[in-house]
Amino acid sequence: MTDPSIPDPQAGGDGVLRAHAEDQYAAELAALADVDDRPRPPRWRLSPWAVTTYLLGGRLVDGTEISAKYVGPRRLIEIAVASLATDRALLLLGVPGTAKTWVSEHLAAAVSGSSTLVVQGTAGTAEESLRYGWNYARLLAEGPSRAALVESPVMRAMESGSLVRIEELTRIPADVQDALISILSEKSLPVPELDLEVQALAGFNVIATANNRDKGVNDLSSALKRRFNTLVLPLPDSLEQEVEIVRTRVAAIGRSLQLPADLESMSEIARVVQIFRELRSGVTLDQRTTVKSPSATLSTAEAISVMTNGSALAAHFGDGVVRADDVAASITGAVVKDPVQDRIVWQEYLETVVKDRPEWTDLYRACRELA
Amino acid sequence: MTTTRVEVLGIRHHGPGSARSLLGALDELEPEVLVIEGAPELDALVASAADANLVPPVAALAYAAETPRRAVFYPLAVFSPEWVALRWAAARGVPVRFADLPAAHVLAGDERAEVGRRTDPIGALAQAAGYDDAERWWEDAVEHRSGSSLESFAAIREAMAEVRAASDDEDDENLVREAAMRRVLRAVVKEGPARVAVVCGAYHAPALHPDAWPPATQDTKRLAGLPRTKVAVTWAPWTANRLALASGYGAGVRSPGWYQHLFVSWQQHDEVVTGWLSRVARALRDEGLDASPAGVVEATRMAEALAAVRARPSVGLSELSDATQTVLCGGSDLPLRLIDERLVIGEDLGRVPDTVPLTPLAQDLARLQRSLRVKPTASTSSITLDLRKEAQRERSVLLHRLRLLGVPWGRPTDAGRSTGTFKEAWDLRWEPELAVGLIEAGLYGTTVHEAAEAKLVEDAGSAPDLATLGRMVGECLTADLPRGLAAVVDTLAERTAHQHDVLALLEAIEPLARTQRYGDVRGADTRKVAGVLHIVVTRAAVGLRAACASLDDDAAAAMRRAVDAADRGVALVELASVTDPWRAAVLAVSADDRIHGLVAGRANRLLLDRGALGSDDVARRMSRRLSLGADAVAGAAWLDGFLEGDPLLLLHDPALLGLVDTWVAGAEESTFEDLLPLLRRTFSRFDAAARRQIGVRLRRPDAEHGPAPTDLDLDRGLPAALTVAEILGLARVDAS
């Protein structure tokens, strides 16, 4: 569910490091638009069916192969698309590394043909980013005028009837978040200084993403929550899927960091992913032993960083092959976030699960040495 | 035969859409006789079907009279077409006949009766049409199509004939059953009614249509020579939850509550979607979750948009669940589980009138009472059972099982002065309300054994804490329920993993250890228990040190009791894999000066008693804990934990006694006043003789080993010493 594909450096051209989704997959979008004869909501580039197909992949009637942008349950993408079609805003929740941003970018690219209307939420995001600001030089020179107004991405999306993305909504201070309430319910944005009002065109909608692990950062008020359809993106279903995601990502990161570690024979990946999955789900893979879950997230993203760490250790201090010793420290570090409770959880896991697996003796020993 | 019109109405078992169409068809046809799919033995139940006290969900139940364990259930809900047909006939006085392979044959087979292996052909048709909910397909494809319900049933029959023609795996069982159904039909037709309606699973419809009847002789041949057994029938109360079980009619339904909602909404011409979401919102509000009317409106729009995205002509349960989760539950699936339990499955409990025949469970009990020779009497009678004797042990097992089932016919009383575990005393008294309990218990199974086991398994799943589960492990042993034991132990294993509370883990150790040690006597499989015990001890050992940190006095007292109990349990099993981690954990606790004295003192005593710690080490620790620099009250607590139990320790180890004495003597007067109540409590637990001896010893510290024997009469003592030596098995040394 983390995006499995590495952006193709050739696509997009012009030597940019990372092309926008709508540029990178322009051919697929065009092919979909060609065969798509189903009804489209106002100002949608594609029908809901075609948007779903674009995200989940498939083969079109004319033989074009659409790559899967999201690997996971079909119903989630269907719910997301249906939400956008009902003019209710969509909130994608999930732990880090569940492809929230990736999905929102591709949804915007497929629905509105552009993924560039985006507000990055930070603790310093001001109301101007959601409503409008002023070009002060002009304001002083000419007085308040439409030309002196600096429109936010949200305002531009309202005027053009397209999707706007708000990343990390819960990082935005609560009083700034509140600016969204009237935009979402009345679909209009008044500019009292100029005595005018921008009314959203049909097709306007908001996709927000938020991390549901960071409790209490700036929790959404219930008034705002009520205006969103909430969709929780889960972690990958199967071990194989997750191992594959970790493998491709670690390979990509390793290349960019120029780590010569031997990636093909990285059997440690399967082990790390298995440990994380078992601790996360609270039960071993064979469903026989229940284990406690630590307070840490242990998402796919964490498995990726443990493996990257391990391959860096192996490359610089070992013979390039990642072994139990290289990952033990970072696994322990990833699992034990709370020094008291998590340590018990981890020790219990070591004693009741890892110890009983004969082929894991090396890992058990490596972890015991650290404990 | 030419004068009789036979209409075959192929329905979907438990299909509310079918039930609704069926009502229309019956009103249209007005049959003089109604034939329903089901074992012909069920005819005996038709009369009671009209009783207003028979409230679905109920199950028509056919069971082998000799072995009630073997039974076929035909569960019926309000929305089941068979139920609708039964009630329709009862209201109009139309005779009903059941047609299927007689249960007498089904239950006579070698294996356990398995009639649930039926397909859902209408579900297959619906799936082919792109529906995941066959009921929505029925509504769209059948209900909204034609004016006449009879015509739509004819269309279904033709479609099903195509389905059957396409698949050539006619299985033998179906052919025999259909032959049996036709045999009943022929008998009905012979009586010459003008119109007959046949209500059967859609799959059988083509084979039962009069045009398709083979010669009667062919059917007779097929039915010849089947084994038979004596069968009894009755109604049993059922629950919505159990409708999901596969037995009798079809493969069970996963969403009885939803089906009931569909059926009732259709009957009352209500909106299905908004009606459902309003009920969802109300259920959420009952649980204190926000669900505003505006949210219901949004959820309705969302469900409709989803159906459009999925290219479905109407909203189904999956769209409603998705819309509920996204709009009303903030993406969380926890409230959705509540909705599943409350609404999608439902919490309905069926009722049967008092007049129906005895349930198989009651019959099984009567049989057991006869064979074990214990009569139910209205007055109290006391019995004492010797568990070493087979027959008496079986009685004890029966009484324990009945208690588990909520039928406390016997109450255990004190077995008298005997300390042995092989004796049990019971007060027996049969009260009328126990019969009611027996009917309720009938939900769990058809025999006392089976029902007790099923109830135990269910209770294990909903047990609130580890202590309850630990107790249930014991109950499994006394009631001789090995399968129940397996389930309880599994649940226990799972719970211990989620249990962050070391105290609860410690408390689970003793009952488990007891089971492992003594379970063999009752023939239970103790390997699994051993596995769980191992895990529990390991987990408790890992967490013990942390759990003992920063305890207040009350918590420390509870922890000391738990550690004591756990240690008793560990001592029972004597397995290195269990003992070693435990000892190591206790050792860590005993050596830590920051741990509350009650617990640390106790840990030291346990290790001393088990020989894991030398008395020198202990003396050093005691001296450290009782030294002047340390807090005196904490020292008293340590002493309290250490000294609890046998006082002989102080009498036989003068070094320890000396330490205590010096410490008390050296305490400042103000400190001593604080110490006094604590010390008094510690020492008052010893009996008077021990206290006196300690006092004597302290008054004469020079006496090394107790009051020195001054005038021993060796000759008088010799015989006693010899006898003791013999008991101990010591070799006799020549007196010279």
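Predicted model: local features only at pLDDT ≥ 70, side-chain atom pairs only at ≥ 80, totals over all residues.
**Contact between the chains**

Chain A contributes 28 residues to the contact, and chain B contributes 26 residues. On the side of chain A that touches chain B, at least two residues come from each of α3 (48-56), α4 (74-85), α11 (222-225), β11 (228-232) and α16 (341-354) of chain A. The greatest share of this side belongs to α4(A), which gives 7 residues. By residue class, the side of chain A that touches chain B comprises 11 nonpolar, 9 polar and 8 charged residues.

**A sheet in chain B**

Chain B holds an open sheet of 3 strands, ordered β8-β10-β9, and the pairing is antiparallel. Both β8(B) and β9(B) are edge strands with a single partner strand each, so one side of each has no neighbour in the sheet. From one strand to the next, the twist averages 35°. The residue ranges of the strands are as follows.

| Strand | Residues |
|---|---|
| β8(B) | 381-386 |
| β9(B) | 410-413 |
| β10(B) | 423-428 |

Strands of a sheet pair through backbone hydrogen bonds, in either a parallel or an antiparallel manner. Between β9(B) and β10(B), which run antiparallel, there are 4 bridges. Thr413(B) has Ala425(B), in β10(B), as its bridge partner.

**The helix across the sheet**

Helix α18 of chain B spans residues 390-404 and lies across β8, β9 and β10 of chain B. Relative to β8(B), helix α18(B) runs at about 120°.

How values were computed: Residues numbered from 1 in each chain as written. Chains lettered and ligands numbered in written order. Contact = placed C-beta atoms within 7 Å. Nonpolar A, V, L, I, M, F, W, Y, C, P; charged D, E, K, R; others polar. Pairing = 2+ DSSP bridges. Axes fitted to C-alpha atoms, helices over the stretch in contact; angles between N-to-C directions.
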